[in-house]
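Trainee: Hi! Could you walk me through this structure?
Mentor: Happy to, let's look at it together.

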Amino acid sequence: MAGVYRMDGTPHETCLLGSGAQKFLTKPVHHVSSLVNRVPRRVWRWVLRIAVVALLVPPILQWIIAYLVGSDARILPPQLLAAKNLLIVTAHPDDECLFFAPSILGVLDRNKAMTGGLLVMSTGNNYGIGEKRKLELMGSCKALGISDQRCVALDHADLQDNPTVWWDTSLIEGIVDKYVKKWDIDAILTFDEGGVSGHINHRAVSAAVSNYAATNPQAPVTFTLTTASLPRKYTILGDLPLTALPFAWRIIEALSFPTSTADVKDGGRALVANTWHRYLMTRDAFSRHPSQYTWDRHLYMIVSRYVWFNDLKRVPKATATGTAGGADP
């Protein structure tokens with residue numbers, strides 16, 4: 001085959017391929033190029049504008065919520081912001097920083113008089129390292145501003161970390177009630193029915209705490225962390241505009257007329273976003289769990305919406321004609 005050479009005498013790469021292979025490779029390129037050239041320039045200009053907006057809106061919105069309106073009562077209800085003792089109820093060590101950190105830090109950082117507490121229903125002993133994970137949890141609590149005295153991981157025989165076992169919700173309700181009274185809790189954060197990741201232990205905790213909050217007249221106000229669909233979970237800030245859509249008018253009002261009080265109808269939902277500093281604190285908290293810091297968790301701590309912002313929903317009190325949650329799925 002006749003060779004084609006560069007000026008320095010070395011063969012040109014394309015000549016190492018036969019003419020048929022060259023045609024096979026270049027034909028799709030020419031086809032794509034032809035299609036691109038057929039699109040009018042004004043269309044490309046609109047595509048570029050939309051792309052710029054799509055890239056700029058999420059971080060700007062994050063900045064507005066985190067720095068400007070995050071303390072407004074229409075964005076973060078007084079039931080949470082003005083609480084004296086906050087309790088976060090999770091299933092395993094590391095749940096607190098993988099999912100709840102924006103809420104924990106956002107609330108505790110804005111109310112220095114509030115005392116935070118973390119109640120974890122298991123030691124995460126599924127792989128036999130429960131004691132190690134309990135020690136790691138203490139470091140995470142410290143990074144999140146929760147004292148050792150209120151950082152508890154239980155090791156109950158009927159509440160062992162197991163992705164195939166639905167926990168006894170009545171048992172969990174009794175434990176939660178015990179700590180609510182012991183620590184004088186007036187606000188609770190926990191999973192919603194989806195458990196964020198869908199883990200069966202997460203969903204059992206949600207069912208128990210939600211039922212407790214709905215049916216016990218003495219139960220404190222309880223908010224659950226909203227579970228997003230899989231495509232929305234790993235978009236960094238990309239999902240924030242859609243998540244913030246129900247809060248759009250409240251955000252506009254908060255920018256125009258800040259307030260520390262809100263109508264009852266505005267107290268059913270909350271939106272909390274991490275500042276850059278609190279995001280770094282979130283990463284620091286998870287770094288205290290070295291046994292869980294696998295390569296995919298490094299990626300998670302960047303792309304997951306749950307390390308950047310949380311949206312919460314309040315558990316309503318049960319009506320006289322029905323009760324909420326608590327059943328085995």
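Trainee: How many salt bridges does a search of the whole structure find?
Mentor: The search finds 11 salt bridges. A salt bridge here is a side-chain nitrogen of Lys or Arg within 4 Å of a carboxyl oxygen of Asp or Glu. Keep in mind that this is a predicted model, where local features need pLDDT of at least 70, side-chain atom pairs count only at pLDDT 80 or more, and totals for chains, interfaces and linings use all residues. Residues are numbered from 1 along each chain as its sequence is written, and side-chain values use heavy atoms, with hydrogens and water left out.

Trainee: Why can such side chains pair?
Mentor: Side chains of opposite charge can pair when their charged atoms come close.

Trainee: Which residue does D72 form a salt bridge with?
Mentor: D72 pairs with R74, and their closest N and O atoms are 2.9 Å apart.

Trainee: Is D72 buried or exposed?
Mentor: D72 is buried, because its relative accessibility is 5%. R74 is buried too, with a relative accessible area of 9%. Buried means under 20% relative accessible area, exposed means over 50%, and partly exposed is in between (1.4 Å probe, protein chains only).

Trainee: And what about D109?
Mentor: D109 forms a salt bridge with K112, with 2.8 Å between the closest N and O atoms. D109 counts as partly exposed at 35% relative accessibility, while K112 counts as exposed at 66%.

Trainee: Which residues are linked in a network of salt bridges?
Mentor: That network links R232, D239, R305 and D311.

Trainee: New topic: how many residues of helix 5 are buried?
Mentor: Eight of its 10 residues (helix 5 is residues 101–110) are buried, so helix 5 is largely enclosed by the rest of the structure. Among them are P102, I104 and L108. Helices (H or I, at least four residues) and strands (E, at least two) are DSSP runs, numbered from the N terminus.

Trainee: What do the buried residues of helix 7 pack against?
Mentor: They pack against strand 1 (85–90), strand 2 (115–120), strand 3 (151–153), strand 4 (187–191) and helix 8 (200–215). Contact means heavy atoms within 4.5 Å. The buried residues of helix 7 include I172, E173 and D177.

Trainee: Last one: where does UniProt place the "transmembrane region"?
Mentor: The unreviewed UniProt entry places that feature at residues 46–69; such annotations may be inferred rather than shown by experiment, and the positions use the numbering used here, with feature names shortened. In the model, the span is 96% helix and 0% strand, and its end C-alpha atoms lie 31 Å apart.
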